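Please keep the sequence and the model at hand while reading.

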Amino acid sequence: MRFLCALMLLVGFAAHAVEPSERLANPALEVRARTISGELRCLVCQNESIDESGADLAHDIRLFVRERLTAGDTDTQTIQAVVNRYGAFVLLKPPVEPATYVLWYGPPILVVAGLVGTFLWLRRRQAASADTVPLSAEETSRLDGLMRENDG
Amino acid sequence: MITELGHFALILALFVAMIQSTVPMIGAARRHLGWMAVGRSCALIGFGLTALSMLALMHAYVTSDFTVINVIANSHTDKPLLYKITGVWGNHEGSMLLWVFMLSLCAAAVALFSDNLPPALRARVLAVQGMIATGFLLFILLTSNPFLRTFPPAPNGNGLNPVLQDPGLAFHPPFLYLGYVGFSVAFAFAVAALIEGRVDAAWARWVRPWTLASWCALTVGIAMGSWWAYYTLGWGGWWFWDPVENASFMPWLVGTALIHSSIVVEKRDTLKSWTILLAIITFSLSLVGTFLVRSGVLTSVHAFATDPQRGTFILLLLIVAIGGSLALYAIRAPALKGGGLFAPISREGALVLNNVLLSCACATVFLGTLYPLFLDAVGGPKLSVGFPFFNRTFAPMMVPMVIAVGVGPMLAWKRGDLLGALQRLWVAYIATALTVLVAFYVTYGGPVLAVLGLGLSAWLFAAVLTEFAERIRLFRVPLGDSVRRAIHLPRSAYGMTFAHLGLAVSVAGFAASAYAHEAIEILKPGGSIAIAGYQLTLEHVDRIPGPNYTADDATIRVTNGGEFVTMMHPERRFFPLQQQTTGETAIRTNLLADLYVALGDSDTAGDWTVRVYWKPLVPWIWMGAIIMAFGGAVSLSDRRWRVGAAARGSRREAQPVPAAGE
């Protein structure tokens with residue numbers, strides 16, 4: 001299936017990710033810019049971050065991120081500025097809000113429920129087998145008789 | 001002419017599949033041996049027919065028959081022969097034909113290698129396979145026919161997407177599809193067992209080799225896809241949590257759970273109904289994956305709505321197959337009585353934990369892949385669910401999982417001694433602690449999580465070796481005895497050891513990817529970049545003609561401390577037909593780390609953007625996957641599964657190692 005994925009990523013092939021010309025002179029700012037770009041989605045690609053994508057749009061967003069950082073924005077402010085411009089769809093990490101509660105809380109709840117459920121199921125099975133009524137004296141002697149018959 | 005033959009063969013295959021799905025089923029119900037035997041002949045004929053139609057399409061591609069619409073859309077006379085052949089499945093119609101071809105291959109394999117199956121079970125299994133084939137043959141013939149013609153012929157074709165013109169296309173899709181479709185056998189076995197109402201150790205023993213084989217193929221297929229992405233994309237990423245990747249990863253996760261739960265059915269005659277459910281879900285997820293990729297629903301929910309024919313058809317197939325099998329399960333499963341009891345701390349308990357974690361992990365991937373589509377479809381906000389989500393949800397589930405893989409095989413069946421097992425793993429504690437300390441010291445100031453990941457890998461590696469050493473009683477009995485035990489150990493035991501070692505190797509690769517370095521510079525010929533002790537000098541860039549492209553080929557001299565290491569040749573290829581440029585990276589590996597070079601754009605002054613990456617342990621990701629698949633293959637070669645092996649009971653007692661299972 002990877003080849004289909006590659007198909008969708010086509011847009012990203014005209015060029016490669018981050019261009020040297022985009023880089024900021026201040027290395028600390030550049031590191032922050034790279035971290036932020038890694039978590040922003042290139043809107044015209046499938047699941048590629050703008051840090052990885054070679055699309056023109058990704059280039060524009062990378063420059064925009066660097067502009068904001070140079071202007072003195074914090075990381076959060078910068079990301080918010082990008083979201084204001086392009087919508088929450090750019091966030092590779094979906095925000096935690098009522099619409100995404102299922103997404104974020106579903107997996108941990110599932111694990112806990114799965115483990116607890118399995119444990120209870122095992123306990124119940126063992127308890128059920130412990131309830132088994134032992135054979136009565138009459139049954140035992142009859143069983144012995146049958147066994148002897150079999151051996152002979 | 002040959003194209004028509006292929007077309008007719010496919011239509012005939014549909015009718016054969018219809019017979020295959022009905023006659024043996026009725027025969028099994030009425031205990032009519034002759035009718036049951038029809039299944040076998042149909043499966044073999046069906047395979048012959050689909051193979052014929054596959055070959056016919058290949059013929060059209062190789063001879064560049066431009067009266068076939070599919071060839072016009074995806075081929076070109078200048079295309080190298082390899083891509084004329086592999087291009088057959090580099091498009092929607094052709095890849096569906098490959099899908100059906102693999103399905104018929106599996107059915108034929110079941111027909112050939114099932115002499116030890118009761119005839120009724122075999123008939124039902126083949127009938128279920130026939131039903132799946134019927135559905136997909138109808139899909140191809142009605143909505144995605146690769147044999148449609150046009151007249152007059154086109155002067156030439158549109159060519160294959162340059163990205164797909166890579167040897168990866170020859171191997172990745174066939175392996176992936178073999179894995180996907182191979183799970184249909186387990187599915188067919190599960191449905192047949194539900195119809196019969198009987199699941200026992202023998203059943204588990206029959207299904208297991210098929211599950212193992214498909215799992216191996218899927219493992220190789222996914223690993224190849226990941227490697228292909230790695231060397232193609234130009235920045236060294238190897239997994240993107242892309243919906244298309246997730247589509248193949250979900251069946252792998254549940255398939256892995258299935259392999260483990262079927263062990264419990266075989267050894268302890270319990271967890272039957274759960275195992276049946278897993279078999280159904282595994283193949284259902286393969287179908288869901290096909291739907292996701294083939295319906296266009298991924299690009300956008302609305303794209304699906306504008307061209308709904310294919311999507312609706314697959315959705316319908318999905319509902320019938322999944323809904324039908326689950327309904328059957330709901331009716332018949334309660335009748336399956338669970339057998340052997342076991343304590344939570346036991347080998348069975350460990351395998352159940354594996355199943356819970358793998359299933360939850362799969363559910364997480366499912367949620368992350370489909371929730372955005374669901375939200376979009378019901379008019380909610382548009383979301384992207386990317387790697388940060390999966391890193392925060394999927395990864396934490398895998399940590400306890402990997403830890404447990406080290407302990408589980410040390411526990412006894414029924415009731416295990418956890419404390420004892422943990423004591424016997426002392427070597428693993430030392431290995432973990434040493435690895436963490438050394439990694440922390442060497443990479444001081446680097447990512448801490450990666451250090452823990454390496455520790456996890458060391459833990460698993462050492463624990464697996466400890467388990468193996470215990471099994472052959474190394475250092476407890478004379479060495480000669482240990483060697484003899486090792487020789488007589490069943491292949492399935494070796495299989496498990498290899499598969500788990502492979503996981504450890506891959507985990508190290510995943511963890512160490514956090515240590516990758518990059519250097520991106522604009523170089524003039526003669527300029528150089530330094531990375532990880534290497535000096536890379538761009539000597540010159542030449543324009544070289546290729547078969548259907550022109551390449552800018554860079555010659556880069558790599559030195560280490562002044563000493564010559566190698567010459568590397570990253571390229572940029574321009575395909576005039578599609579007006580597209582692709583990158584061809586150059587990778588130098590010493591199996592411990594990759595030196596990865598990609599050539600970027602050139603500017604008007606003749607300077608080139610060069611990207612260099614140093615990626616420690618990255619080859620281990622795929623080496624680990626190959627070791628895992630090798631483990632599966634070794635386990636597959638265990639004589640227990642072989643045809644006729646069932647009647648071998650007396651010889652078994654002669655083996656000196658008792659209870660040596662998984």
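The model is predicted. Chain B holds 21 helices and ten strands, and the radius of gyration of chain B is 27 Å, close to the 26 Å given by the globule rule for 662 residues, so chain B is as compact as a globular protein of that length. The C-alpha trace of chain B spans about 80 × 70 × 55 Å along its principal axes, and buried residues account for 54% of the 662 residues.

Two packed helices are described by the angle between their axes and the distance between the axes.

| Helices of chain B | Angle | Axis distance |
|---|---|---|
| Helix 9 (residues 243-268) and helix 10 (residues 272-294) | about 165 degrees | 9 Å |

Because angles over 145 degrees count as roughly antiparallel, helix 9 of chain B is roughly antiparallel to helix 10 of chain B. Helix 9 of chain B passes helix 10 of chain B in a left-handed crossing, and their contact, sorted by class, has 16 nonpolar, eight polar and one charged residues.

Helix 10 of chain B, with 23 residues, reaches 33 Å from its first C-alpha to its last, which is close to the 33 Å expected at 1.5 Å a residue. Of the 23 residues of helix 10 of chain B, 21 are buried, so this helix is largely enclosed by the rest of the structure. Helix 10 of chain B is followed by B:Gly296, which has a positive phi, near 80 degrees.

Technical notes:
Residues numbered from 1 in each chain as written. Chains lettered and ligands numbered in written order. Predicted model: local features only at pLDDT ≥ 70, side-chain atom pairs only at ≥ 80, totals over all residues. Axes fitted to C-alpha atoms, helices over the stretch in contact; angles between N-to-C directions. Helix = DSSP H or I, 4+ residues; strand = E, 2+ residues; numbered from the N terminus. Parallel < 35°, antiparallel > 145°, perpendicular 65-115°, else oblique. Left-handed = near helix turned anticlockwise from the far one by under 90°. Nonpolar A, V, L, I, M, F, W, Y, C, P; charged D, E, K, R; others polar. Expected span 1.5 Å × (residues − 1). Buried ≥ 20, exposed ≤ 12 C-beta atoms within 10 Å, placed from the backbone. Rg over C-alpha atoms; globule rule 2.2 N^0.38 Å.
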